[in-house]
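I opened my notebook to look up a few things in this structure. Here is what I wanted to see, with the entries below.

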Amino acid sequence: MNITTLLFILLSVMAVGSAVMMITSKSPVHSVLWLIVVFFAISGHYILLNAQFLAIVNIIVYAGAIMVLFLFVVMLMNLNAETEPVKNYRLQLVGVLSGGALLLIIITALNKMDVEMPIELKTGDTGLIKVLGLNLFKNYVLPFEISSVLFLSAMIGAVVIGKKD
Amino acid sequence: MDIKAYIILSMVLFTIGVVGVLVRRNAIIIFMCVELMLNAVNLLLVAFSKMHALEAAAQASPNLASDAQIFVFFIMVVAAAEVSVGLAIIVMMYRNVHTVDVNFLNRLKN
């Protein structure tokens, strides 16, 4: 087993374990912190795939901005393990069973696929900022500009919704 | 590394997100599980882009493989806008009903 496979397994276990801890932990603050660990593990996967730009953007945007926003709202509402809604164990069992059925179906369908598609890790220049930037500003200028309008409308929407009337 | 390993990892993360949406009743946790599902799809898109990298290099068109990573970039953009509006809605809901339990949101039902 070489070092790349070892890193892949380590990051995968970290991501899946933290995701399970996120949905099982009682306190919402702990859930937010576990989700940040998941995002760091996914950023590690991006670095392993040599998608350097997306790894940095994932840390800055998701782990930095979005999760801090979540943490801010959780702490603003003073949510903790005591204010957590009471659980209905039968509904939880049904939820876990449906999710397991979904996973089972997808894995079974995947096993029918007999093509071997290798991914080359740690090499390649598709994820570098130069290639992505050239592609973004040559072929995707219009969506890029439209996304600025989306951000403006989201900002106005958040202010209008959050305003005390 | 085979593409199957990445598909299985993304599917496991996506399923954990689905189970979280079904099981939890706290609106903020449900929202976080949606973010987890988006990230699972992002990871799979990046893996697929690397899968096509060799093919794209053979055709001498580097844009072919980096399109998927541009999509991931736009998914992150939309997710950031979505989170700002969604958290504003949750804060407004908390101000009106003083809870984040989604089972109390049944006023539109009748």
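**Aromatic pairs.** I counted seven aromatic pairs over all chains. My rule was that rings of Phe, Tyr and Trp (its six-membered ring) pair if their centres lie within 6.5 Å, with planes under 30 degrees apart called stacked, over 60 edge-to-face and the rest tilted. I looked at F8(A) and Y6(B), which form an edge-to-face pair at 4.9 Å centre to centre with 70° between the planes. This pair crosses between chains, from helix α1 (residues 3–24) of chain A, where F8(A) sits, to helix α1 of chain B, which holds Y6(B).

**A note on the model.** I am working with a predicted model, where local features need pLDDT of at least 70 and side-chain atom pairs count only at pLDDT 80 or more, while totals for chains, interfaces and linings use all residues. Residues are numbered from 1 along each chain as its sequence is written, chains are lettered from A and ligands numbered from 1 in the order in which they are written, and side-chain values use heavy atoms, with hydrogens and water left out.

Are F8(A) and Y6(B) buried or exposed? I take buried as under 20% relative accessible area, exposed as over 50% and partly exposed as in between (1.4 Å probe, protein chains only). F8(A) is buried because its relative accessible area is 8%, and Y6(B) counts as buried at 0%.

**A pair inside chain A.** I then found F39(A) and Y62(A) as a tilted pair, 4.9 Å centre to centre and 50° between the planes. The pair links distant parts of the chain, with F39(A) in helix α2 (residues 28–48) and Y62(A) in helix α3 (residues 52–76), 23 residues apart. F39(A) and Y62(A) are both buried.

**A cluster.** I also noted that ring pairs link F53(A), F73(B) and F74(B) into a cluster.

**Start of chain B.** D2(B) lies in the segment before α1 (3–23) of chain B. I list D2(B) as buried because its relative accessible area is 19%. What does D2(B) touch? Its contacts (heavy atoms within 4.5 Å), not counting residues up to four places away in sequence, are E116(A), M117(A), P118(A) and I119(A).

Definitions and conventions:
Helix = DSSP H or I, 4+ residues; strand = E, 2+ residues; numbered from the N terminus.
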